[in-house]
2 protein chains.
Amino acid sequence: MKRPTIADIARRAGVSKGAVSYALNGQPGVSEATRKRILSIAEEIGFNANSAARALSGARARAVGLTLCRPARILGIEPWFMGLISGFEAELGARSYALTLQVVATPEQEVEVYRRWWGERRIDGVIVTDIREDDIRIPVLQQLQLPAVVIGGPGDTGPIAQIWSDDAGAITEAVRYLVALGHHKIARVSGVSDLLHTQNRTKAFENVCAALGLDNAITIPADYTGEEGSRATRRLLIGGDRPTAIIYDNDVMAVAGLAVAQEMGLSVPGDLSIVAWDDSPLCSLVHPPLTALSRDISAYGAQAALELLNAIDGRTVGNVEAGRVHLTPRGSTAPPR
Amino acid sequence: MKRPTIADIARRAGVSKGAVSYALNGQPGVSEATRKRILSIAEEIGFNANSAARALSGARARAVGLTLCRPARILGIEPWFMGLISGFEAELGARSYALTLQVVATPEQEVEVYRRWWGERRIDGVIVTDIREDDIRIPVLQQLQLPAVVIGGPGDTGPIAQIWSDDAGAITEAVRYLVALGHHKIARVSGVSDLLHTQNRTKAFENVCAALGLDNAITIPADYTGEEGSRATRRLLIGGDRPTAIIYDNDVMAVAGLAVAQEMGLSVPGDLSIVAWDDSPLCSLVHPPLTALSRDISAYGAQAALELLNAIDGRTVGNVEAGRVHLTPRGSTAPPR
DNA sequence: CCGCATCACTGAACCGGGTAAGTTGGGGGA
DNA sequence: TCCCCCAACTTACCCGGTTCAGTGATGCGG
């Protein structure tokens with residue numbers, strides 16, 4: 001089956017292909033009557049502009065890129081990325097932008113992929129996640145002048161747009177809630193510690209604990225996997241002075257922590273309260289369902305995609321805060337015995 | 001920053017751009033010495049061929065498409081798709097093929113996306129998942145002559161390559177295992193019932209149960225979500241003649257089922273044994289860890305990507321079976337009390 | 001009735017890589 | 001010595017949209 005081109009439309013409409021191009025793109029230069037005729041022919045023969053030809057003649061590639069730099073076993077189980085992706089799609093799909101995905105192992109590979117995509121003119125911009133302190137990707141993106149939007153932070157990303165959620169406020173709320181329930185010994189199991197948002201959370205956690213006079217507020221670094229979550233939980237629970245509440249940086253580690261507590265014969269929430277960061281179906285699936293810090297990840301993704309499209313169109317975008325994070329209390333938190 | 005083109009290389013090497021093209025593509029027509037010189041210049045200035053130009057001149061777009069047709073809340077939590085995607089990437093990344101993703105709501109939209117991608121010449125082929133009986137996408141793909149590989153089945157996909165795993169063998173193994181433990185009342189909570197592999201599993205489940213003389217072997221249809229998994233489990237457990245073992249079509253529903261059992265005060269595996277289809281970190285995360293039907297999803301994905309690349313290159317591909325599914329016994333299965 | 005602006009459109013160049021067809025220069029065989 | 005052949009290139013056109021510099025027709029004011 002042959003793909004229809006603007007030349008086919010031009011022939012059938014009895015005009016030049018330049019006129020067809022103007023008509024299809026809403027440019028001035030054709031009469032309203034001709035435009036309608038051309039559009040109806042295009043519709044009739046099922047015309048779709050060849051994305052390669054369009055990209056080649058200086059216009060947009062109509063695609064954005066996303067690199068995922070986490071081991072496969074995390075990617076699979078963490079609802080975060082898929083939620084983000086479906087959020088992106090909501091905005092991108094509406095504008096017929098494609099999303100190009102690449103799974104990589106290291107930030108260095110991410111940089112390579114960015115360079116390749118740029119060289120291939122394959123994408124118009126990228127969405128950057130898992131931002132680190134002094135992230136090596138930022139200067140490369142600036143050098144390549146590749147439109148981008150950074151998810152996570154806030155941090156120093158120079159002129160690149162950034163979208164972040166109020167992690168500090170969220171963890172403060174969680175700690176205050178636990179303290180209000182009567183907890184004094186609160187621990188935290190964090191995600192990968194060189195990620196910027198992990199650092200922000202750790203700082204905020206320390207601040208609020210100090211402000212409330214909780215002295216042994218410890219953060220154990222982990223890596224978002226269930227295994228590390230279990231390990232960290234065991235370490236916390238076998239100590240003499242064990243915490244009565246633990247805040248986990250993601251849902252997977254929280255679920256793993258719950259299993260460890262049950263395994264050790266501790267009752268949740270009687271002996272141990274659990275709070276998960278990022279609510280997901282996973283949190284309401286287990287017994288007891290987990291109290292969680294909820295945010296609309298999909299909306300977060302949609303907002304990021306919108307910012308990126310703005311950046312691509314040359315509209316300046318800044319440093320925006322995403323929708324609020326709020327605490328959703330469920331069965332895993334209660335006053336300590 | 002200007003992107004280097006083959007014209008830049010040609011100028012620096014003192015040859016024509018035709019010669020550069022031959023050299024870069026390993027075509028005959030240039031001497032070994034010239035080829036080496038051109039390749040080293042390309043390397044030096046960081047050349048990447050413009051994918052649009054390449055695609056336009058009749059060659060490959062060097063991208064494949066994947067549509068995901070499940071509600072966002074399933075996509076997020078089910079490790080299956082991400083596992084599959086990282087498998088694809090292993091093959092695609094090695095050949096610098098891009099993966100283009102689109103999340104849609106209905107099979108009709110999937111067809112639309114295929115048509116658009118085809119018209120835009122954006123992709124060289126597609127990976128088709130969640131195949132149904134008389135799937136509407138198959139005839140469209142044939143009409144468009146779009147290379148494709150179908151994951152799931154086996155079923156009737158005409159000349160389109162297909163890759164499937166032995167679901168019938170796997171469920172037979174699981175049932176035999178439960179019977180060997182002493183179970184007589186085995187139920188199953190299935191995934192979306194118009195998917196082909198769900199039907200295959202249901203048929204096989206009924207066959208093996210009949211062969212082993214288990215009379216009330218019931219399959220309750222669900223939709224892979226935790227909510228439906230809980231509902232189906234409740235329905236099974238409140239009945240008078242409740243099963244002593246349940247097989248779930250995915251890990252999410254199995255975890256939800258476990259929570260329901262615990263909620264109802266039933267002990268797992270004492271009062272109820274649970275088997276999950278598709279092993280994932282989720283299964284070993286909960287307490288007790290779930291016995292699961294394991295397969296290497298990532299390898300499955302890699303194999304599918306390879307088949308698709310073969311189809312794109314015009315090599316005929318057939319109907320291949322993926323690596324075996326095997327039972328991984330864990331703490332959620334035991335002889336009934 | 002003339003001159004000029006405006007509209008609606010055409011023609012051709014262009015993007016950058018692929019490739020068929022044409023052009024060298026040198027070596028080997030007769 | 002001549003001729004032919006082949007390797008090693010060059011030239012030129014193709015892909016399908018976009019865009020800019022024309023061009024002819026029309027309208028309008030003076």
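Reader: OK, so two strands pair if DSSP finds at least two bridges between them. What stands opposite B:Trp164, then?

Author: B:Glu321, in β11(B). Strands here are DSSP E runs of at least two residues, helices H or I runs of at least four, numbered from the N terminus. This is a predicted model, where local features need pLDDT of at least 70 and side-chain atom pairs pLDDT 80 or more, while totals for chains, interfaces and linings use all residues. Residues count from 1 along each chain as its sequence is written, with chains lettered from A and ligands numbered from 1 as written.

Reader: And which way do β5 and β11 of chain B pair, parallel or antiparallel?

Author: Parallel, over 3 bridges, with β5 covering residues 161–164 of chain B.

Reader: How many strands are in the whole sheet?

Author: 12, in an open sheet with mixed pairing.

Reader: Why is one side of each β11 left without a neighbour?

Author: Both β11 strands, 319–321 in chains A and B, stand at the edges with a single partner strand each, so one side has no neighbour in the sheet.
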